[in-house]
Amino acid sequence: MAEEMLNLQQKLAKIRKMTEVIQKNRKGFNYKYTSIDEILARVTAGMNKYNVSLYPHIAPGSEVVEPYVYG
C-alpha cells in the first residue's frame, strides 16, 4: 500500500512500529533508561516520513481538575 494512501491510524501504527525497540542508552539512579532525545528522534523521523503533525489540544469541557492531598 502506498504511503500517501494510508489513513491517519495506519500512519500512527507505522510510526509506533518504528519506535518499538529502542535500546536503553543511559544510566542513572540505579536504572537503565532511554533518553528522551532518542525517543523524540525516532518519533520525529516517523512523523516526517509519513507527513504527520500532531499538536496538543484540550477540548473544551473535557478537562477534570481534582485536588491532590499531600500526606
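This is a short talk on a few local features of one structure. Keep in mind that the model is predicted.

Let's start with helix α1. It covers residues 8–18, and L8 is found in it. Is L8 buried, exposed or partly exposed? Its relative accessibility is 48%, so L8 counts as partly exposed. The cut-off for exposed is over 50%. L8 also belongs to a nonpolar patch on the surface. A word on helices in general. An α-helix has 3.6 residues a turn, so residues three or four places apart point the same way.

Next, the stretch leading into α2. Strand β2 spans 31–33, and helix α2 spans 36–49. S35 is found in the loop between them. S35 has a relative accessible area of 8%, so it is buried. Buried means under 20%. Which residues does S35 touch, leaving out those up to four places away in sequence? They are N25 and R26.

Now α2 itself. How far apart are its end C-alpha atoms? They are 20 Å apart. The helix has 14 residues, and at 1.5 Å a residue it should span 20 Å, so the two values agree. After α2 comes N51. The phi of N51 is positive, near 50°.

Stay in α2 for E38, which lies in this helix. E38 has 27% relative accessibility, so it counts as partly exposed. Not counting residues up to four places away in sequence, E38 touches I22 and N25.

Last stop: the aromatics. How many aromatic pairs does the structure hold? One. The pair is formed by Y68 and Y70. In general, a pair of aromatic rings is described by the distance of the centres and the angle of the planes. For Y68 and Y70, the centres are 4.9 Å apart. The angle between the planes is 80°. Angles over 60 degrees count as edge-to-face, so this pair is edge-to-face. Are these two tyrosines buried or exposed? Y68 has 64% relative accessibility, so it counts as exposed. Y70 is exposed too, with a relative accessible area of 73%.

That's the tour. Thank you.

Conventions. Residues numbered from 1 in each chain as written. Predicted model: local features only at pLDDT ≥ 70, side-chain atom pairs only at ≥ 80, totals over all residues. Heavy atoms only, no water. Helix = DSSP H or I, 4+ residues; strand = E, 2+ residues; numbered from the N terminus. Buried < 20%, exposed > 50% of the residue type's maximum accessible area, 1.4 Å probe, protein only. Contact = heavy atoms within 4.5 Å. Patch = residues over 30% accessible without salt bridge, like charges linked within 9 Å, V, L, I, M, F, W, Y side chains within 5 Å. Areas by Shrake-Rupley, 256 points an atom, 1.4 Å probe, with all protein chains shown as cover. Salt bridge = Lys/Arg side-chain N within 4 Å of Asp/Glu carboxyl O. Expected span 1.5 Å × (residues − 1). Phe/Tyr/Trp six-rings, centres within 6.5 Å; stacked < 30°, edge-to-face > 60°.
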